[in-house]
Amino acid sequence: MVERTKIRQEYLDKLAELIKIPSVSAKKTGLTEASDLIKTFFQELKADHVIVDNEYEFPLVLAQFKSAKTDAKTLLIYNHYDVQPAEPFDLWHSDPWTLTERDDKFFGRGVDDDKGNLLARLTALAEYLDENQYQLPVNIDFVVEGSEETASRGLAQYLQKHADFLKNDLVIWESGGYNSKEQQELNGGTKGIVTFDLKAKTAGRDLHSSLAPVVDSAAWQLVAVINSLRNPDGTIAVKGVYDSVRKASERELALVDQYSTIDEHLLVDSFKLTAALLNNRDKTDLLKALYFSPALNIEGISSGYQETGVKTVLPAEATAKLEIRLVPDQDPRDIFDKVAAHLQEHGFTNVKAVYTLGEKPYRSDLSAPEIQRVIKATEKVYGKDISLLPTTPGTGPMAYFYDNFKSPITAAGIGYADSADHAPDENVRIKDYFDHVDFIKELIKSYD
Ligand SMILES: [Zn+2]
């Protein structure tokens with residue numbers, strides 16, 4: 001048996017090596033290098049199978065560790081090796097591509113999202129294997145993708161392709177951690193999303209604005225379309241959009257009521273809101289809307305002249321980028337088609353809707369027996385005061401997994417409220433990092 005501190009140091013060195021690679025999916029840099037390095041990590045752990053699949057846009061790393069038990073269950077661990085760009089560099093207090101220890105924390109791009117989570121899990125596996133003569137009580141599969149930060153392009157195809165190989169009983173999600181009340185949070189879902197552009201064109205070229213009394217403009221038409229899509233209370237005014245919305249169950253409503261750290265005062269204070277909350281919601285309505293309802297957002301609008309000074313122009317073109325966050329059982333394509341039909345029905349013939357991205361929603365009430373196993377392991381390491389949420393208000397590719405495996409999914413991880421994912425000074429607390437190592441070991445042990 002190797003000394004535990006030695007293994008932990010060895011895997012911190014590996015984390016440093018991985019963070020050194022700027023594997024930014026948005027820029028398509030470092031992806032081959034990072035996926036190859038992770039492949040060697042799995043090989044060193046003597047995985048039964050390691051595959052780097054390059055068929056689709058971003059290389060996918062798969063690894064399988066087999067249990068000798070004939071009736072062994074399978075645990076699937078999902079992570080990603082791509083990271084967000086590190087810019088603006090001058091706001092970092094240490095080099096984003098160098099794993100740096102400071103104030104009992106680790107800093108670096110990807111240290112929480114998501115390279116640190118992957119390496120904490122590999123540390124746990126390495127220790128468990130070392131302490132148990134390389135015998136596992138459960139099969140463990142890893143899926144490590146390279147496009148999580150750019151809508152998981154190719155992941156759905158990869159999972160379908162390897163569905164038989166990756167059959168499992170439980171999926172542990174890429175990241176998670178402590179909420180703002182310092183409770184370790186288990187998360188059972190993600191919202192979906194559909195994004196689209198609206199493009200208005202009303203003339204062959206921009207016109208002199210003296211024609212405004214008689215000629216309509218692309219800018220006005222676009223504004224009219226956007227206004228027609230939403231009611232003043234924030235609900236979506238597109239026919240049929242709510243038809244497939246699954247009602248939250250009593251348990252889901254109770255979990256959100258008990259564990260969500262968000263309320264109306266927190267939103268107003270932390271964002272210095274001057275706009276009223278939509279529909280003047282109280283906490284119950286606010287949480288229902290946030291976790292269980294779809295919402296339409298304008299990501300950006302542009303048209304005409306927006307530089308310094310004045311230009312009296314009547315714009316021939318106007319564009320806007322919009323998104324609708326989706327909840328089960330809404331389908332991105334179907335919701336987009338309903339928006340397109342809305343434009344037709346309302347006679348907006350000069351405005352076209354163009355589909356850009358879509359991801360399906362997934363949600364669970366965390367009552368599945370395999371999730372109870374995770375809850376027990378969590379309580380052992382973090383104590384009884386943990387948080388259980390059926391979904392986050394954010395989006396992720398959980399549905400791709402559920403569609404293929406129908407196994408329960410939950411998020412857990414090394415982060416905390418100030419981890420600053422996607423931002424300068426991304427960090428995790430060193431204690432949280434190693435607590436997650438212990439948690440994964442507990443989880444593996446629970447199959448014994
Ligand atoms: Zn991220």
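Visitor: How many bridges join strand β2 to β6, and do the two run parallel or antiparallel?

Guide: The general idea is that strands of a sheet pair through backbone hydrogen bonds, either parallel or antiparallel. In this structure, which is a predicted model, five bridges join strand β2, residues 60–65, to β6, and the two strands run antiparallel. Within this pairing, phenylalanine 65 has isoleucine 140 of β6 as its bridge partner.

Visitor: In which sense do strand β3 and β6 pair, and which residue of β6 does histidine 80 stand opposite?

Guide: Strand β3, which covers residues 74–80, pairs with β6 in the parallel sense, over seven bridges. Histidine 80 stands opposite glutamate 145 in β6.

Visitor: Which residues of β6 lie on one side, and which on the other?

Guide: In a regular strand the side chains alternate between the two faces of the sheet. On one side of β6 you can find Asn139, Asp141, Val143 and Glu145, while Ile140, Phe142 and Val144 are on the other, and both faces are covered. Counting along the strand, residues 139–145, seven of its seven residues are buried.

Visitor: What does isoleucine 140 contact, once its neighbours within four places in sequence are left aside?

Guide: With those neighbours left aside, isoleucine 140 is in contact with Ala63, Gln64, Phe65, Leu75, Ile77, Leu125 and Ile444. A second, separate core of 25 residues can be found as well, and it includes Leu222, Ile236, Leu343 and Phe348.

Visitor: How many residues does the largest nonpolar core have, and which have the most contacts inside it?

Guide: In soluble globular proteins, nonpolar side chains tend to be buried together. Here the largest nonpolar core has 75 residues, and those with the most contacts inside it are Phe42, Phe65, Ile140 and Phe142. The largest share of this core comes from α3, which supplies nine residues.

Visitor: Let us turn to charged side chains. How many salt bridges does the count come to?

Guide: Side chains of opposite charge can pair when their charged atoms come close. The count for this model comes to 32 salt bridges. In one of them, the side chains of arginine 4 and glutamate 131 meet at 3.2 Å, N to O. Arginine 4 belongs to helix α1, residues 4–19, and glutamate 131 to helix α3, residues 115–131, so this pair ties together parts that are 127 residues apart in sequence. Arginine 4 counts as partly exposed at 40% relative accessibility, and glutamate 131 is also partly exposed, at 24%.

Visitor: Is lysine 380 buried or exposed?

Guide: Let us begin with its partner: glutamate 442 and lysine 380 meet through their side chains in a salt bridge of 3.7 Å, N to O. Glutamate 442 lies in helix α12, residues 430–445, and lysine 380 in helix α10, residues 369–382, so the pair ties together parts that are 62 residues apart in sequence. Glutamate 442 counts as buried, at 18% relative accessibility, whereas lysine 380 counts as exposed, at 65%. Elsewhere, salt bridges that share partners join Arg4, Arg8, Glu127, Glu131, Asp438 and Lys441 into one network.

Key
Residues are numbered from 1 along each chain as its sequence is written. This is a predicted model: local features need pLDDT of at least 70, side-chain atom pairs count only at pLDDT 80 or more; totals for chains, interfaces and linings use all residues. Side-chain values use heavy atoms; hydrogens and water are left out. A salt bridge is a side-chain nitrogen of Lys or Arg within 4 Å of a carboxyl oxygen of Asp or Glu. Helices (H or I, at least four residues) and strands (E, at least two) are DSSP runs, numbered from the N terminus. Buried means under 20% relative accessible area, exposed over 50%, partly exposed in between (1.4 Å probe, protein chains only). A nonpolar core is a set of buried Ala, Val, Leu, Ile, Met, Phe, Trp, Tyr and Cys residues joined through side-chain atoms within 4.5 Å. Contact means heavy atoms within 4.5 Å. Two strands pair if DSSP finds at least two bridges between them.
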